[in-house]
Structure formats: C-alpha cells, structure tokens
Amino acid sequence: MDFDYSDDQKFLKDEARKFLAAHCDVGVVRGVLDDPGRSFDDKLWKGVTEQGWLGACIPEEHGGLGLGRVELCAIAEELGRAVAPIPFASTVYCLAEGLMAFGSEAQKAAVLPRIAAGELIGCLATSEGPGVVGPATLTCRVEGGKLSGTKIPVTDGDVADAALVLASEGGRPSLFLVDLKGAGVKRETLKSLDPTRGVARIVFDGAAAERVGEAGAGFDLVQAILDRAAVLLAFEQLGGADRCLEMAKDYALGRYAFGRVIAGYQAIKHKLADMYVKNEVARSNVYYGAWALNDDAPELPIAASAARIAASEAFWFASKESIQVHGGMGFTWDVDCHLYYRRSRQLSLVVGAPKVWKERLVGQLEQKNAA
Amino acid sequence: MDFNDSPEEAAYREKARAWLAENAAAHRARFGDLKPNTPEHMVAAKDWQATKAAAGYACITWPAAIGGGGGTPIQSVIFGQEEAKAGLGYGYFTIGLGMCVPTVMAFADSETKQRFVSPAVKGEEIWCQLFSEPAGGSDVAALRTRAVRDGDEWVINGQKVWTTGAHYCDYGILLTRTDPDAPKHKGLTMFWIDMKDPAVECRPIHQMSGGREFNEVYFTDLRVKDSQRLGEVGDGWKVALVTLMNERLAVGGSAGPNYREIMKLARQLSGPTGPALKDQAFREKLADWYVQSEGLKFTRFRTMTALSRGQTPGPESSIGKIISANQLQDLANTAVEMEDQYGILVDPDQAPAEAAFQQSLMWAPGLRIAGGTDEILKNIIAERVLGLPGEVRVDKDVPFKDMPTGR
C-alpha cells in the first residue's frame, strides 16, 4: 500500500509544472481564448510533443516512452492546473488509450507512432445531439465500410486527423476508426462555453470507416474508453480545482475591506475551507482511480466513476466560489477566474455529465452489493 | 500509488487474519453478544484488549519495550481493517491510547511512564481527557477549573463537561488554570489525576439522543502531587496541543450507518414512483455519499502513507469529521423520510434496521459538535492548512481574570 505519487513521479510532475509555467502561461491560454480562428496552441502542442507527453504511455515499439498510467495522471494534473489549450485529452486519453486497449495490431502500428510524434490529433465522437446518447437514439450508420451521419459536438473535432466514432452497422452498435482528412467528411467549428478547447459538428457522408474491437460491442467499448479517460480527466479537474483555491486564497490575502484582509473573515475562510475539503475528497478518489487505471483493476468502473464525480464537484465548486471571493473583479474578462469556470464546465461535460456517472456508479454498486 | 499490499504487507495481513480468526472466535465464544455500555461489555472489551496486547496487536506502532507491537503505521491500518471485518472493536480505549497516554509519554517522568503505559495498552486501566468546560467549549483555553499550589501539592476546584467515559475511567489528564493574572493561554497547567479519588464526582449528562455516554465531572478540593504535573507550570496549552495533535492520528471509523445500509433499506421500500432504490434523486445522493466515504477512507490512507514516509501529518485530517458527521445526519434523515409515515417510529423492534437511522438522526447533531464543531474545524483548516489569518482577538493580551465572560 502506498497512497501517493512516488519520488520519481513527483519529479516528473514538478518538471511538467516548470515546463508549463514556461510555455503555457495565461497569455498562451488567452491567445486561444481571444482568437476565434484558433482552438489550440500549436507551439505548445509541439513543446508537449518534444517532452514526450503524447507518447508517455505508448509502448516504445510504437514510438512512445512506455511509462505507467500514474505518470500520465501526474502530467494530466499539471495540464489541468495550467488550463492548457491543446487537444491532449482527445488525442491521448481517448484515441491513443482506446486503440491501445481495443485496436488491432495494424491499427496501433498505423496510429500510435504518429500520435507520439505529434503528427496526429485524435478525437472521440459519440454525441449526436442534446441529451444522453443511447442505442435507441444512435443514427450514425456504417454500410460496406462507409460511415454516414452527423456527430455533434465533437471535442477537438475541428482540428483532429482521426476519430473513434460510435455508429451502428447492420443494426449493431460498433466503434470505428475514421480518417477525418479523407473523403466524405465535412466539419464545422462550433462556439463553445470554453473557447480554449475546440468543438465541431462533423457530417460523414460515405467516409471510410474501419471497425475497432468486436462488432456490436460499441457501447461497451466506448464505456471502457470513457472509464479510462474519466480518471485522466479527473486529474485535470483536480489540478484546476487546486489552482482555483490558490488564486482565491492569494486574492483574499491581498484584498482589504473594512480595514483588514478579507482572508481574515470567517465567511471567506469557511468558503476556502469548503473548497479544500472538496479538493481533498477529490484527490483521494482520483488517486484510487489512478491505481485502478494503472493496474487495469476490476474496480476501474467504480473507481473511475467516483473519481469523475468527486473531481467534477470539486472543480465546479472551486471555480464558481473563486469568482465569488474575487468579487467584482472576478466577473471581468481580464481576471483569469472565468478561464477555470469555463474549463470546469468543459471537463464536466466532455465524457458525460456527472449525473450520468452517478448513475453508472450506483448501477455498479447495485451489482456489487446484490444480496 | 499502489492500493495493493506489498508482499510483506500481504504476509502481515495473512498473519493478522489467521490470528483474528482464531482469537475472535474464542473471544465470542466466551462473551457472546453483549449490549454496549454495560459492565459485562466492559469486561469483554478489557479481555479483548489484553489478548491483542499479548500478541502485539495493541498500539501496533508503539515500541515493544513499552507494550506496543513495534510495527509500522501501515500494519496498524491493515490490522484495523481486518479487526473491523472480524466485527470486533471496542471504543473504550480510543481516547486514552490515542490522546491521553501519548501526552503522558511525552511529558511525564520515566517512573510515571513505567507505571502507566503498559497497563493502559493492556486495557487494564482506561484514561479520559478533561478539557472542555461549561465556559470553554470551542474556546477551550477559556477554562476556569482552578489549581492552586499548596507546598508540594496542588488543590483543584472546578467543573469539566462532555467528558467521554469519565464514569468508567481510571485516570484522566486534566487541564487547569494556575494563573488567572496571565492572558488566558498562558495561565494553564496540565496534570494527570486519579478518577477514583473521592474528590472527583462524575454526573452523567442526559443527551438529546436519550443516552448518557458523557459526563460532567466536578472537583472539590482535589489534591494532586506536583509530580503529577505534565509539562511546566503555565505550559498547559502547549501540552494540550500535543494531545489534540495525537487526536488527528487516532484513526477513527465513522459511527453509524453508511451508504451500504441505506442501500439495503432502499431495496426493501417503495418510493413515490416505484422501488425506492430506483428513485433518481436518491441514487444521486447515494453516489455522493459513496464518493465522500471513499474519499475519507483514502484520505486516511494518504495520512498513513505520509507517516510511513517519515512525514508528520498536519491538521489536514480535520476534514474527516466535517464530512462524516454531516453525511450521517443527511443519510439518517433521508432514510427516515424514505420510510415515509413509518419513519416516525423509533422502537428497534418496529423501525427498520433496528432503528439505526432514527438513532443516528438524534446522535448526529452531537457528532457535528464533539471534538471540534464544524465551524471550528473549518477555522483550523483555513488557518493551519491554508495559512489564512486568525480571528481578530480581543482576549489575547488581557489577564484572564479581566476578560468579559457574559456572566
């Protein structure tokens, strides 16, 4: 038993923080925020590639570093803290992790080295409209290896080169790998609550689609990919939540009202203590998630759900209450609070809202405790 | 980040499990199922503590030379888990071994330590902590119990309150005021006392929950020797902080039903739209409780990891009780409301789960106050963990006797 990062992992995390402090300051994030023509920072993407982060968990035979998942979690925590404006989660947590878990050898060999080299951006396309996507509402279809239908919204779909797409074939839901640069793909960039991350509508009209994993297992495969992504995203959420608490604390310690710093008032102290409590509950749950992910433990579905629920709650609370502590300044475009408020929404929605994960968790508990 | 046992830990767990299988069964065969807070229950508890001590499973992290197990914090966690699984666990020794005896070990002379530590580990003698007073709850340092020096002795008069187990305890550590002319934190001194002294009188408090687990303790001309002093005269607050620091390390499980019990209840009951367990609002609450409980469990493990790496865990473990007490109140009330009209019934023969939810509902308000109120714990987190300024203090440099008291 050991419930913390190891010294090596801490070192990696410190290095990641230093790198991001140097190459992803808030100016970089705002550069993307304020430019409707961009949804990620190309230079940072190159830097992250040079650091080897894209291929952190990709085996060496496919051009990666072959590190463990806890190392990736440490990187994710720092990316979340920096509100990094890059399609890292879509490329690494969804496409790379998805192919490593379920792709054929040929698919791995074709895609993973390009991800590690920073040549390929990935994404996961499941949603087709408002509400939860399910077998009854799935309209995208594959016939004779050609995909047709519309996915909306697809996170990072505006810039991605390849997608994992949930679609039905012969009436059975399956998962497909699609080259988004090929024929039969039209996409349109959409406006997002969080402009530092791209979203798109993708219209497929006879796009070449290659099945990933077993036919008919689409929803199970997507769920398994989401479980893995949920843990990694939870680390991003935790990093963001920690940063919100720090920002709120620093501001409260420097802001005077009624003759003293507002950090001395119990209304503020208790608010910050509440943030701390939620962040620690989240940290403990996401650490457990990291272990389950790294070990591919049977507990992963429960651990991932708990990590996502706790981290979503912590980041939401910290991001909204940080604005409150900052007062009127917190509501301005120029103060950074809203970057985190926006990202907290993006991260809470991107692989399914907390409500969906609560249901998943309770469903698992029902099975586990069926007496 | 490894939630599996290492080979050494697995071996320890196996050993502990085997030991528990044999000894817990023997213990049960001897004592059967007893009602808590009865003399028979206490006899059984002392027997179990002695059995554990003889095998090195009591105070696992303390050196073997003083009666402990000479083990690691992780071993202590492992044994605690296995003991809980075996369904055994008596609460009588938690405060004494978790807080009082460590304070004695830190401040008493070697003769006193020799005399008291080992009997406490074996469960032969139980200790209580005498800090809170009617005028000093959250503000413990406002206490008024007076100790006046008389040659080589001290004469103590005053009253403590909310003392857990004072009526069955043998010894206690007592925080007193020795200098009312000094500012309040500076005029305090700590002693250990004999709870069976005729000058000590315990009166049980009738709680809103109906029980009587806590006491008022009165001291009328109690005479103690100066050698019973723990720490220097006037240093009582520093000594008390050591006691309270140890409180954070005493690993406590949560009292009362958790998400599993309410799930069991929900399986059996109907809600407004079908089975109670299928009610969406309930399921979301259930998920939140699970996440909080697991979060707390793993936070405790993180504390233990810090310990085993030689770090000193700080006040961050204060989050535990804020969460568990509030969750208990919410969970109990949700269960009672789930029982609908029937929820008003409190007789264990009638109410589901032997009225555990009704009892917890009435117990939870106390849990949110005992051992630091929600509000004081949030202050501790804000000030000691986050480094925010302390409250504006009007009492800091004023002689204690000149402080306004409201009566």
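Chain A contains 11 helices and nine strands. Helices (H or I, at least four residues) and strands (E, at least two) are DSSP runs, numbered from the N terminus. The radius of gyration of chain A is 20 Å, close to the 21 Å that the globule rule gives for 371 residues, so chain A is as compact as a globular protein of that length. This radius is taken over C-alpha atoms, and the globule rule is 2.2 Å times the number of residues to the power 0.38. The C-alpha trace of chain A spans about 75 × 55 × 40 Å along its principal axes.

The model is predicted; local features need pLDDT of at least 70, side-chain atom pairs count only at pLDDT 80 or more, and totals for chains, interfaces and linings use all residues. Residues are numbered from 1 along each chain as its sequence is written, while chains are lettered from A and ligands numbered from 1 in the order in which they are written. The predictor assigns the complex an ipTM of 0.93 and a pTM of 0.93. Chain B has an average pLDDT of 92, and 97% of its residues score at least 70. Here pLDDT is the predictor's confidence in each residue, from 0 to 100.

In chain A, 55% of the 371 residues are buried. A residue is buried if 20 or more other C-beta atoms lie within 10 Å of its own, exposed if 12 or fewer, and partly exposed in between, with C-beta atoms placed from the backbone. Contacts require C-beta atoms, placed from the backbone, within 7 Å. Among contacts in chain A between residues at least 6 apart in sequence, 74% join residues at least 24 apart.

The largest nonpolar core holds 230 residues. Such a core is a set of buried Ala, Val, Leu, Ile, Met, Phe, Trp, Tyr and Cys residues joined through C-beta atoms within 7 Å. A:A163, A:V165, A:L272 and A:A307 touch the most other members. Helix α7 (residues 218-254) of chain A gives the most to this core, 20 residues. Leaving aside residues up to four places away in sequence, the contacts of A:A163 include A:G122, A:C123, A:V154 and A:L180.

Chain B is divided into domain 1 (7-89), domain 2 (127-246) and domain 3 (252-369). These bounds come from an automatic or database domain assignment. The centres of domain 2 and domain 3 of chain B, taken over C-alpha atoms, are 33 Å apart.

The contact between the chains takes 35 residues from chain B and 35 residues from chain A. On the chain B side, α7 (259-268), α8 (280-308), α9 (319-338) and α11 (374-385) each supply at least two residues. The largest share, 14 residues, comes from α8(B). The chain B side divides into 20 nonpolar, five polar and 10 charged residues. Ala, Val, Leu, Ile, Met, Phe, Trp, Tyr, Cys and Pro count as nonpolar, Asp, Glu, Lys and Arg as charged, and the others, Gly among them, as polar.

Some backbone features deserve mention. Most residues other than glycine have a negative phi, and most peptide bonds are trans. The peptide bond from A:I152 to A:P153 is cis, with omega near -10 degrees. A:P153 lies in strand β3 (residues 146-155) of chain A. A:F258, not a glycine, has a positive phi of about 55 degrees. A:F258 sits in the loop between β8 (256-257) and β9 (260-261) of chain A. A:F258 counts as exposed because it has 7 C-beta neighbours inside 10 Å. B:D221, also not a glycine, has a positive phi of about 50 degrees. B:D221 belongs to strand β7 (residues 214-225) of chain B. With 8 other C-beta atoms within 10 Å, B:D221 is exposed.

Methods: Contact = placed C-beta atoms within 7 Å.
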